[in-house]
There are 2 protein chains.
Amino acid sequence: MIRPLQEREVVGMREDPRPGDTVFGESRLGEPRLADSRVEDPRLDRRRLEVLRAIVQDYVSTQEPVGSKALVERHNLGVSPATIRNDMAALEEEGYIHQPHTSAGRVPTDKGYRLFVDRLSSVKPLSSAERSAIHAFLGGAVDLDDVISRTVRLLAQITRQVAVVQYPSLSRSAVRHVELVAITPSRIMLVLITDTGRVEQRFVETIPVSETTVADLRARLNALIVGHRLSEVPSRVDDFADQFPHEDRPAIDSLVAALLEVIVEQREERVVLGGTANLTRFRQDFPDTIGPVLEALEEQMVLLKLLGESTGPSTLTVRIGHETGYEGLSATSVVTSGYGRDGDTVAQLGVLGPTRMDYPGTMGAVSAVARYVGRILDQA
Amino acid sequence: MIRPLQEREVVGMREDPRPGDTVFGESRLGEPRLADSRVEDPRLDRRRLEVLRAIVQDYVSTQEPVGSKALVERHNLGVSPATIRNDMAALEEEGYIHQPHTSAGRVPTDKGYRLFVDRLSSVKPLSSAERSAIHAFLGGAVDLDDVISRTVRLLAQITRQVAVVQYPSLSRSAVRHVELVAITPSRIMLVLITDTGRVEQRFVETIPVSETTVADLRARLNALIVGHRLSEVPSRVDDFADQFPHEDRPAIDSLVAALLEVIVEQREERVVLGGTANLTRFRQDFPDTIGPVLEALEEQMVLLKLLGESTGPSTLTVRIGHETGYEGLSATSVVTSGYGRDGDTVAQLGVLGPTRMDYPGTMGAVSAVARYVGRILDQA
DNA sequence: ATTGGCACTCACTCGCCCCGAGTGCCAGGA
DNA sequence: TCCTGGCACTCGGGGCGAGTGAGTGCCAAT
């Protein structure tokens, strides 16, 4: 997913432009000039990419459109501003950068950021001080709720952006224990404990059942499903009631129904937010977008979509601007990573910020935090 | 707390200005002119208050400083603008209103809002449509978490402001049931269920104990504390271990310790937020304050302080601007109410918005929601 | 006590000009 | 073929000044 810039890759890419590849793609159709030039001098492409990288870096740090003169001053590119201007014109024609208005500097487009992330940057590792701070802070957590709430605060603080952490998904966890407690003869409390530390509980009203029946049920139910994935539970308990005498059936049916309900509960996909105050640091840049962004953040569904499909643990995903798929988030990017125990992804966490963010740093932080959270879960 | 404007009250207040009373107070010290004039014609005060009320109402709806001419046009005060100007000058001298700059209209001060809330307005009851919507929405909740999350969304939607709801306090709840479950001989799960519907759980590592001991413990523990306030639990379990044979003491001690820990757990004071996106509706007015406000909202401690000490259920509390006690919230007001079951306050809920808010409407909404939530808890 | 009249204040808007950063193009040189 | 210096052009933004109008405070009259 993340490849540092390497000469070999650039060359290879040039020689083998696969259709559909967004990187330096599309030139097949419309820009013969550039296509030709690339064949003739590899250095030209190199420099052009270097210019794009410089533009992204400068824009991210200054937050102002960057011009050709400033660029040669800040980076030793070894050519004159005029040359850079030519490169910029080409980059603009290909859609990687954009001019807010004539006589202004250039700003990267979503496509430009995409290229930057894919090819022109690498994940920046955290300093050892930061790593040990993460370790110390997360290590103090006492239970799952605490791990999650600490994580979200930590991410928000490190990246100074909005942090989003998803609770370990029930469906991807396994059953550690099921407990049945008869509060009264006709009121049973069902407690489900997963190997990711989640504890879900629910009351069940039934016809009265005896203590011994409850004990029997508890033993058989545990024997049946402990150690199995929650996703397998429905099929395993399918004919569970058949083992019991007829008069207990209604009670068992409602118990099983409650169990299944807990498992598919929509609340299973809980998401925790933190650092929304960081949004205001950007209001100078896009003052009109903070409203839509806050609205999107209040929608659990949107957040879940942003966190996206689970990928492998510690696989970083970056969604830039329109790639998020939401109108209101066209000026924001989302960096996410799966996290989990035993190399198994149980949920996602990530960070949301302006498209003009420090991608290498943010990616480094998200990836490091995801790794540590996974480690913490392993210990539990 | 909330008194509608009544002639009798105004007259009584005039005749008996208690020291320390903020309403129309302070004039004892510095404004003999006004003090005298009040004695001479009660109608004067009446109109002056009417002017203040009109200013607050107009300012809340237009969000712009209101001038004397506009005031006589929109309200039939029966006098000329010049007269109103005199009243305004007096009100300003007493600190109830304020002029952003010369040749601008007047804006209420915090003190002005305070007087408005205390004497010039009454809680506006919700429409029956709104009431039935609340009923339907809250009635669909399945458990405590759901009640809380629905409540916060509901409040945010009705008032179009930021909603804050506190979980029922553990210390003010009573024990409904304690369950001990031996997951393994040396690992016991402790589950505490309160009459407010909260379920707290915790694992305890002990020396191995037998099933029968656990059952015995469970029975005695329940007998000892069920029905009692959590705040009484510590003293009640103080010498609990004495009843048991010596070899079980270590296990019982760790169990009791875990129980106490659950009760005093700082997490007991959980607060849920909603509707932060509504903050952006005011950014035209105080664009610089939204940052500090978001920061304050992220601080659990600040929120808890804002929700404040418990008062009786359905007793409304209004904190205006600086009264919140936080620098960053000097332009916001907080309207809160206790809620609970059986007329017993178990927690607070409320709304946070700009000082220039619709107090009667907001107070009506908060009070209605608090009442309904209490009713829902009663049913559980 | 209230009112109409009057002079005064001052934020805000608009048009104007100027400045300078930044561009695109072109012709000459390596 | 690519790079470079030069040059004309564009245009956003800041600064300035006049005009406008809402709103005020004061005063003399009722």
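User: What share of the contacts in chain A with a separation of 6 or more do residues 24 or more positions apart account for?

Analyst: Two residues are in contact if their C-beta atoms, placed from the backbone, lie within 7 Å. In chain A, 63% of the contacts with a separation of 6 or more are between residues 24 or more positions apart. This is a predicted model, in which local features need pLDDT of at least 70 and side-chain atom pairs count only at pLDDT 80 or more, while totals for chains, interfaces and linings use all residues. Residues are numbered from 1 along each chain as its sequence is written, and chains are lettered from A and ligands numbered from 1 in the order in which they are written.

User: How many helices and strands does chain A have, and what part of its 380 residues is buried?

Analyst: Helices (H or I, at least four residues) and strands (E, at least two) are DSSP runs, numbered from the N terminus. Chain A has 15 helices and ten strands. A residue is buried if 20 or more other C-beta atoms lie within 10 Å of its own, exposed if 12 or fewer, and partly exposed in between, with C-beta atoms placed from the backbone. By that count, 39% of the 380 residues in chain A are buried. Strand β5 (residues 187-194) of chain A is mostly covered, with six of its eight residues buried.

User: How do I read the strands around β5(A)?

Analyst: Two strands pair if DSSP finds at least two bridges between them. Eight bridges pair β4 (residues 175-184) of chain A with β5(A) in the antiparallel sense, and A:T184 stands opposite A:R187. These two strands form a hairpin with two residues between them. On from there, β5(A) pairs with β6 (residues 199-205) of chain A over seven bridges, also antiparallel, with A:V191 opposite A:Q201. The hairpin of β5(A) and β6(A) has four residues between the strands, and A:G197 in the turn has a positive phi of about 95°.

User: In what order do the five strands of the open sheet in chain A stand?

Analyst: The order is β7-β3-β10-β9-β8, with antiparallel pairing. The edges are β7 (271-274) and β8 (316-320) of chain A; each has a single partner strand, so one side of each is left without a neighbour in the sheet. Neighbouring strands are turned by 20° against each other on average, direction ignored; axes are lines fitted to C-alpha atoms, for helices over the stretch in contact, and angles run from 0 to 180 degrees between N-to-C directions. Within the sheet, ten bridges join β9 (residues 332-341) to β10 (residues 344-354) of chain A, and A:R341 stands opposite A:D344.

User: Which helices lie across the strands of chain B?

Analyst: The strands concerned form an open, antiparallel sheet in the order β4-β5-β6 of chain B. Helix α10 (residues 211-225) of chain B lies across β4 and β5, running at about 165° to β4(B). Helix α12 (residues 249-264) of chain B lies across β5 and β6, at about 150° to β6(B).

User: How are the two copies related?

Analyst: Two copies of a chain are related by a rotation about an axis and a shift along it. Here chain B can be laid on chain A with an RMSD of 0.2 Å by a turn of 180° and a shift of 0.1 Å along the axis, by least squares on the C-alpha atoms of residues with pLDDT of at least 70 in both. The copies are thus related as by a two-fold rotation axis. In chain B, the C-alpha nearest the axis is that of B:V181, 4.2 Å from it.

User: Which residues come nearest to DNA strand D and to DNA strand C?

Analyst: A residue is near a strand if its C-beta atom, placed from the backbone, lies within 6 Å of it. Of the 24 residues around DNA strand D, A:V79, A:T102, A:S103, B:G67 and B:S68 come nearest. The largest share of that surface, four residues, comes from α6(B). Around DNA strand C there are also 24 residues, and A:G67, B:V79, B:S80, B:T83 and B:S103 come nearest. There α6(A) gives the most, with four residues.
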